[in-house]
Number of protein chains: 4
Amino acid sequence: MTKAAISLAGVFPPIPTPFDERGEVHYATLADNLARWNEYGLAGYVVLGSNGEAVYLTDEEKVRILETCRRAIPADKLLIAGTGAQSTRATIDLTRRAAEAGADAALVVTPHYYIGKMTSEALVRHYHALADASPIPVMIYNVPGFTGVDMAVDALARAAEHPNLVGMKDTAGNITKLADTVRAAGPGFQVLAGSAGFFLTGLVVGAVGGVLALANIAPQRALDIYYLFRAGNLEEAAELQRRMIPVNTAVTAGLGIAGLKAALDMLGYYGGPVRPPLLDLTGAQRETLRAILVEGGAL
Amino acid sequence: MTKAAISLAGVFPPIPTPFDERGEVHYATLADNLARWNEYGLAGYVVLGSNGEAVYLTDEEKVRILETCRRAIPADKLLIAGTGAQSTRATIDLTRRAAEAGADAALVVTPHYYIGKMTSEALVRHYHALADASPIPVMIYNVPGFTGVDMAVDALARAAEHPNLVGMKDTAGNITKLADTVRAAGPGFQVLAGSAGFFLTGLVVGAVGGVLALANIAPQRALDIYYLFRAGNLEEAAELQRRMIPVNTAVTAGLGIAGLKAALDMLGYYGGPVRPPLLDLTGAQRETLRAILVEGGAL
Amino acid sequence: MTKAAISLAGVFPPIPTPFDERGEVHYATLADNLARWNEYGLAGYVVLGSNGEAVYLTDEEKVRILETCRRAIPADKLLIAGTGAQSTRATIDLTRRAAEAGADAALVVTPHYYIGKMTSEALVRHYHALADASPIPVMIYNVPGFTGVDMAVDALARAAEHPNLVGMKDTAGNITKLADTVRAAGPGFQVLAGSAGFFLTGLVVGAVGGVLALANIAPQRALDIYYLFRAGNLEEAAELQRRMIPVNTAVTAGLGIAGLKAALDMLGYYGGPVRPPLLDLTGAQRETLRAILVEGGAL
Amino acid sequence: MTKAAISLAGVFPPIPTPFDERGEVHYATLADNLARWNEYGLAGYVVLGSNGEAVYLTDEEKVRILETCRRAIPADKLLIAGTGAQSTRATIDLTRRAAEAGADAALVVTPHYYIGKMTSEALVRHYHALADASPIPVMIYNVPGFTGVDMAVDALARAAEHPNLVGMKDTAGNITKLADTVRAAGPGFQVLAGSAGFFLTGLVVGAVGGVLALANIAPQRALDIYYLFRAGNLEEAAELQRRMIPVNTAVTAGLGIAGLKAALDMLGYYGGPVRPPLLDLTGAQRETLRAILVEGGAL
């Protein structure tokens, strides 16, 4: 069967969810941030992903966030909504609501709580049931660093047979596996690199783009890697890729979402606080972050 | 400060949530199951825990399940409600609703999605904020097999300083750490063994009881281990402990909740199906399970 | 078939190998240390184990160490020699040389370099080939913390069918598995707890003794746990067990062999330096260690 | 300081050690295999690495193997010898003997038995002590899949400051880290991709070549990836890279050294048996392997 017609090529920032000082969603600054990001050549946005603290949001907040984003995002940029829940039924329900709110595609994290039972069979059935029920194209979100689940290549290939399963965000960081997924799933299944640390190498082995936390704070740098690669300027792309790794690490594994938000604050976006149990940066962490941003040319 | 006065001594089954063939919660059979379990000398029940497929339930279902249980459980047995969510605010909210529904205590799984940031500092603040806000005593639920988070002994001891933090269920299976937690947290902080596999050894080093999946399908065997230990009959207790391990493994790590429910079906309780993405047992798995139950004297 | 007649009951320290300041084996102080330990009711010694830095010794040093120990150890105490190598042929060779040097039994770590291929089948064949060839009884040494290999219960039970395979040292710290091994391997296969942290609980579920780093620095405390258990004085045994955990942790996972040797120095034994790449304690670590030993009553 | 002048650019097979049916080293077929490989444009050979079953060889066998290889390898190809042992002193000793036997460089696996103590400080001191003492250039071999140790980027960069520490083989498979190592260690420190699965992507981010098990059985394919990349033909290189992944996996993580040897047998080289506890392939595994080789165009 042919795939749903949607192109995932390009760079997508997985945007954070702004909260005010009382911890409530700050919808106005969300729109403000998007207005600034819209000035770059980004292909779209991932909303309600890991960087969006989605697991800390109620379903009502999620829907309102999507509605806010839809209004703030031009029609020629994709709004990809994180809609994964632990159960198949809750995932279907939330995906339908995201579609109603205007999402162009759903990015669905592997269920993981009963990790020992999240076999390839269970995961393939989950994604097929969802792809059957979803009014919008579905993407798999494979992120073992958060979930402990690393969906196998043959399971990904089986899942990819469904026409409404259009791609995946692979954040595992195993480039061999990413390349093998491109091979096994075949054309039509669009793989996105899930971290700026392996964006260039992902593109080299067949990824069509990336969902990159780095693109929140240094959108042009992320786009430069993409366009340098597309132009065949590999050496310059590699140089930039290497230079961005410490910056990217700081706002992902290193200092986490609190680091990403602090960096946004430093750059004139609205970052704001994280929701507990996450902790905001200490003063010392903030200084470390600032030094890394300066060193990497992001500030 | 003195602890809230609640005794967690004894055996608690973490009960599964019955679903009908369409996947809806089957409240009537839930009450029926409890009526049968009530005939044993169990100290109470854990409802909405991992075995209750809590991550697959809506908040509305959770409240109605608690209300159903409260009506079905005599006042002299504890109703312990699983109320953990990823965010502190959602956990507080659900814990308050559980208290309103009649829960005697809350069992709160460590938040875990942003595992790298769930530091001791973050976890202690989370539990203290919850213990401050909760109208009922709070227990920590440490289950690295599902969450990847294994709360450190000194963090547990710090959390335990709060008067409304009365104990924990430790499912890590690290008996050295369990013993060290008893030592470090001191009297008043009541530790429950989180699996029948190390129930007896947990009691030996200071646990006051256990939350045991085994107690769903073989409540008297679980109670026998407890009372043999209390009576000083260690050799007989050890013999029974060893004999129960394969049975317990079958309905936990081995065949999971689907195995636990299938065993209940075989024993005349209502087990029923699991919610997807969990998969029900295959016929072959069912036969394996039956053989293990027979071999262990549970069927 | 009946097992080789050897009793592994009791407490065994896994002794460190003394080096002089140039890093050469210090045979004289080895004998001196043993003379002091011989005054306690220890059942014997494990020589050339993990705590003996066996992986840092040449075969020639190993043989001379065993000869030195044999002269220093009374005939009524066992000399158990670590003889495991990565290949079956090297393990057989070293085990024969250990037997010639007077070892009463061999303690053989699971081979582990090609960890993904160390299947149950490979491990069982390895131990059976060794047990066939060895002139002395063979014990399995399961220590996933160092090797990454955790031999499965059914593989242990299959290995245990060999009459010359008399027991194991289990350092995994999974008390459920230890109990299940006792059950599955049956009487005649003698299980030793591999760390003082779970010594008492190991005895409760059927271990006959322990190989305990703690017994190097606090032999009487280790023996007290054993005899309190044997005398049925479980409460006092548990109290002592809990008290010894921080002390034991300091000289094992906490500060490692350098910590164990520093503690011996503080107690009037010869500890001395470790071989590189291991590092000796810093001054600050030494003070931490001293405080823990004092707190635990070991100094 | 300037680095020792040695170029590690190009493709190196980590050759297996042939054994006869009694398990003895088969020196004649070792030379025969090399004579065939010499016909390809390989930059040299890694001898006594993980694929050489080095942990199963005596020091005497190792020296004789190196001498045999030195005679069989033309002077314009490098002979890189695996010389890592657990202790610093044994590593220095073996490295000196390898130099005497004609090795051009030493590839030294991270020590790992006391994994918790193999801190960056311990590892840097180990490599610096070795680099001081070694008559030939030293390379770090980072292979967490076998050792559990994954040397940190800053430790690698510190080690790389030594003029006699010329490069590393990185088999971790974390392409972000490999790229960051190139950045942090700077020019002069030559990084080799340690597996064909990420050879092309390694080259893209700055590796100068690869040590590839695949190069034993498909040397031309491995060289093609290298030269396609050098020629800027990235698309064709990526296509070949993806196609080789299943073949490479079969002779590495999939079927291991026994698989590699069986493939050599199928291709007319001498493969022969592995040393126990490794197991030779079963008939079924052999058929699986053959199918993968045919599918990948390697047979």
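**Entry 1: the build of one chain**

I began with the secondary structure of chain A in this predicted model, and I counted 13 helices and eight strands there.

I then checked the radius of gyration of chain A, which is 18 Å. A compact globule with 299 residues would have a value near 19 Å, so chain A agrees with that expectation.

Before going on, I looked up the scores. Chain A averages a pLDDT of 97, and 100% of its residues score at least 70. For the complex, the predictor gives an ipTM of 0.97 and a pTM of 0.97.

**Entry 2: where chain A meets chain B**

How many residues of chain A are in contact with chain B? I found 41 residues of chain A in contact with 41 residues of chain B.

The size of an interface is often given as the accessible area lost when the parts come together. Between chain A and chain B, about 3000 Å² is buried, and carbon and sulfur atoms give 63% of that. I also noted which residues of chain A lose the most area to chain B: they are A:Arg89, A:Tyr113 and A:Tyr114, together 27% of what that side buries.

Then I turned to polar pairs. Across the interface of chain A and chain B there are 16 residue pairs in polar contact. I listed the elements that give two or more residues to chain A's side: helix H3 (88-100), helix H4 (120-133), helix H5 (144-147), helix H11 (234-254) and helix H12 (256-266) of chain A. H4(A) supplies the largest share of that side, with four residues. Sorted by class, the side of chain A that touches chain B holds 20 nonpolar, twelve polar and nine charged residues.

**Entry 3: salt bridges**

My search of the whole structure turned up 48 salt bridges over all chains. The count between chain A and chain B is two. In one salt bridge, B:Arg89 pairs with A:Glu24, and their closest N and O atoms are 3.1 Å apart.

I also looked at chains C and D. C:Glu24 forms a salt bridge with D:Arg89, where the closest N and O atoms are 3.1 Å apart. Why does this pair join two chains? C:Glu24 lies in the loop between strand E1 (10-12) and helix H1 (27-37) of chain C, while D:Arg89 sits in helix H3 (residues 88-100) of chain D, so the pair links two chains.

**Entry 4: where chain C meets chain B**

I found 23 residues of chain C in contact with 23 residues of chain B. These two chains bury about 1700 Å² between them, with 76% of it on carbon and sulfur atoms. Which three residues supply more of the area that chain C buries against chain B than any other three? They are C:Thr176, C:Val204 and C:Arg242, and they supply 29% of it.

I counted zero salt bridges between chain C and chain B. There are four residue pairs in polar contact across this interface. The elements of chain C that give two or more residues to the side touching chain B are helix H7 (175-185), helix H8 (199-204) and helix H11 (234-254). H11(C) gives the largest share of that side, seven residues. By class, I noted twelve nonpolar, seven polar and four charged residues on chain C's side.

**Entry 5: pairs of chains without contact**

I checked chain A against chain C and found no contact; their closest C-alpha atoms lie 17 Å apart. Chain B and chain D have no contact either, and their closest C-alpha atoms lie 17 Å apart.

Last, I looked along the backbone. Most residues other than glycine have a negative phi, and most peptide bonds are trans.

Is the peptide bond from A:Pro276 to A:Pro277 cis or trans? That bond is cis, with omega near 15°. A:Pro277 is found in the loop between H12 and helix H13 (283-295) of chain A. In chain B, the bond from B:Pro276 to B:Pro277 is cis, with omega near 15°. B:Pro277 is in the loop between helix H12 (256-266) and helix H13 (283-295) of chain B.

I placed A:Glu53 in the loop between strand E2 (44-47) and helix H2 (59-72) of chain A.

Technical notes: Residues numbered from 1 in each chain as written. Chains lettered and ligands numbered in written order. Predicted model: local features only at pLDDT ≥ 70, side-chain atom pairs only at ≥ 80, totals over all residues. Heavy atoms only, no water. Contact = heavy atoms within 4.5 Å. Buried area = accessible area lost by both parts, 1.4 Å probe. Salt bridge = Lys/Arg side-chain N within 4 Å of Asp/Glu carboxyl O. Polar contact = N/O pair within 3.5 Å; in protein donor to acceptor, adjacent residues only side chain to side chain. Nonpolar A, V, L, I, M, F, W, Y, C, P; charged D, E, K, R; others polar. pLDDT = per-residue confidence, 0-100. Rg over C-alpha atoms; globule rule 2.2 N^0.38 Å.
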